[in-house]
Amino acid sequence: MTDSSTQSIVVRATPQRVVEIISDFPAYPGWASAVQTVEVLEEYEDGYASRVRFVLDAGVLKDTYTLEYEYAEDLSRIQWRLVEPTRVQKNQDGSYDIDDNGDGTVTVTYSLSVQLAAPMLGMLRRRAEKMIMDVALRELKKRAETTD
């Protein structure tokens with residue numbers, strides 16, 4: 001069984017802008033520092049990615065994995081799960097919840113649950129998840145608040 005970690009950040013952007021950034025997987029290597037390459041393997045009829053392969057290099061954590069994505073009808077939630085175990089991960093489930101604050105900002109809540117292939121003390125795993133989420137949310141905020 002795995003625990004889930006959750007963090008939120010307020011972003012000065014529209015919900016649509018945040019969804020565009022999160023769902024533009026090929027652009028991740030340009031703004032998400034740990035992501036080396038991304039390949040969209042399958043798409044839904046509406047053009048949103050359904051299966052995406054990532055190559056991650058976060059220093060001590062290196063992995064290649066495929067995630068399967070689902071989107072809420074109103075795009076207020078984007079969730080994913082690991083398609084098959086890797087040498088590093090047995091399981092991964094996550095989501096972004098995007099809530100419009102009605103004042104030109106959105107609250108993005110990132111939830112992540114990872115079960116690693118090698119045992120790791122719960123405290124160390126939670127610290128690693130927190131670091132991953134901190135970086136991901138800060139980079140997402142920076143990208144969303146920067147005009148292209």
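This dialogue reads the fold of one predicted model.

Me: What do the numbering and the model type imply for reading values?
Reply: Residues count from 1 along each chain as its sequence is written, and side-chain values use heavy atoms, without hydrogens or water. The model is predicted: local features need pLDDT of at least 70, side-chain atom pairs count only at pLDDT 80 or more, and totals for chains, interfaces and linings use all residues.

Me: How many helices and strands does the chain have?
Reply: Both are DSSP runs numbered from the N terminus: helices are H or I with at least four residues, strands E with at least two. Here there are three helices and seven strands. Their sequence pattern is β-α-α-β-β-β-β-β-β-α.

Me: In which order do the strands form the sheet?
Reply: Two strands pair if DSSP finds at least two bridges between them. The order is β1-β7-β6-β5-β4-β3-β2, in an open antiparallel sheet. β1 (5-11) and β2 (35-43) are the edges; each has a single partner strand, so one side of each lacks a neighbour in the sheet.

Me: How many bridges join β1 and β7?
Reply: Seven, in the antiparallel sense, with β7 spanning residues 106-116. Val10 has Thr107 as its bridge partner in β7.

Me: Which residues have the most contacts inside the largest nonpolar core?
Reply: Such a core joins buried (under 20% relative accessible area, 1.4 Å probe, protein chains only) Ala, Val, Leu, Ile, Met, Phe, Trp, Tyr and Cys through side-chain atoms within 4.5 Å. The largest has 36 residues, and Val18, Phe25 and Tyr28 are among those with the most contacts inside it. Contact means heavy atoms within 4.5 Å. Beyond neighbours within four places in sequence, Val18 touches residues including Val11, Ile98 and Leu140.

Note on methods:
Buried < 20%, exposed > 50% of the residue type's maximum accessible area, 1.4 Å probe, protein only.
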